[in-house]
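Please check each point against the display.

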Amino acid sequence: MGRKMTGSKTKTPAAMNPVISVVMGSDSDLPVMEEAAKILSQFGIPHELYLTSAHRTPARTAAFAKGAAARGIRVIIVGAGAAAHLAGVIAAETILPVIGVPIDATSLQGIDALLATVQMPGGIPVATMAIGKAGAKNAALYAVRILSLQDNEMREKLDAYIENMAREVERKHDNLTGRERGKKHEP
Ligand code: RP5
């Protein structure tokens, strides 16, 4: 595992005053949730990793959620697997935007976590991403979009990221078609 977790709040190098919290229900979620942290680092956003469980540590989870806004956190990203109630429970205790990432942790391959995260009752929203690493990556990019509404520098970084992604598709297209053209000329 690339990033050290202590079982309590673990600050990343860029996290002196974290504005995004990347929460997970278990350290077994870290390989997925690191995808979110990578994007946040790429955008230079101070963030923290936080381990707490809706079921195993309910009081800790509530205390975290209640205190997050006062610590300067602006968006909370939450990854959990199985009967994944963590994002919803946190959303119930804060008015900060909560983005849920369902994790494939059981024989149901993340469908359990997806349904538990997305099927929130009216009144308590959780923005639910795709299952797994793509979801974790998109959770971070969604948080970047939220921050960029009031931060021009962040908006410019986001525009550059999107442009770069488009250029990458074009580069891959050129590689692909170049290879095909190469094949046609083979004897
Ligand atoms: C969930 O249960 C966690 O988010 C994790 O995805 C899953 C399994 O946790 P461990 O048994 O690996 O700690 O609460």
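1. A polar contact is taken here as a pair of N or O atoms within 3.5 Å. The model is predicted, and the distances below are computed from it. An oxygen atom of the ligand lies 2.6 Å from a side-chain N or O atom of Asp29, so this pair falls under that cut-off.

2. From the side chain of Ser26, an N or O atom is 2.6 Å from a ligand oxygen. For Ser28, the distance from a side-chain N or O atom to an oxygen of the ligand is 2.7 Å. The ligand has 360 Å² of accessible area on its own, and the protein covers 72% of it.

3. Which residues are around the ligand? They are Gly25, Ser26, Ser28, Asp29, Arg56, Ala80, Gly81 and Ala105. By class, this shell has two nonpolar, four polar and two charged residues.

4. The ligand takes up the space of the largest pocket. The volume of that pocket is about 240 Å³. Its lining comprises 16 residues, of which Ser53, His55, Arg56, Gly81 and Ala82 are the closest to the centre. Arg56 and Gly81 also belong to the residues around the ligand.

5. How does the lining of the largest pocket divide by class, and what is the count for each? Seven of its residues are nonpolar, seven are polar and two are charged. In the shell around the ligand, the corresponding counts are two nonpolar, four polar and two charged.

Definitions and conventions. Residues are numbered from 1 along each chain as its sequence is written. This is a predicted model: local features need pLDDT of at least 70, side-chain atom pairs count only at pLDDT 80 or more; totals for chains, interfaces and linings use all residues. Side-chain values use heavy atoms; hydrogens and water are left out. A residue is near a molecule or strand if one of its heavy atoms lies within 4 Å of it. A polar contact is a pair of N or O atoms within 3.5 Å; within protein, one must be able to donate a hydrogen and the other to accept it, and residues adjacent in sequence count only if both atoms are side-chain atoms. Accessible areas come from the Shrake-Rupley method with a 1.4 Å probe; for residues, only the protein chains shown count as cover. On a 1 Å grid over the protein atoms alone, a cavity is a set of points where a 1.4 Å probe fits but cannot get out, and a pocket is an open set with protein on both sides within 12 Å along at least five of seven lines; lining residues have an atom within 4 Å of a point. A molecule sits in a cavity or pocket if more than half of its atoms lie within 2 Å of its grid points. Ala, Val, Leu, Ile, Met, Phe, Trp, Tyr, Cys and Pro count as nonpolar, Asp, Glu, Lys and Arg as charged, and the others, Gly among them, as polar. Grid points are joined across faces, edges and corners, and a volume is the space filled by probe spheres set on the points.
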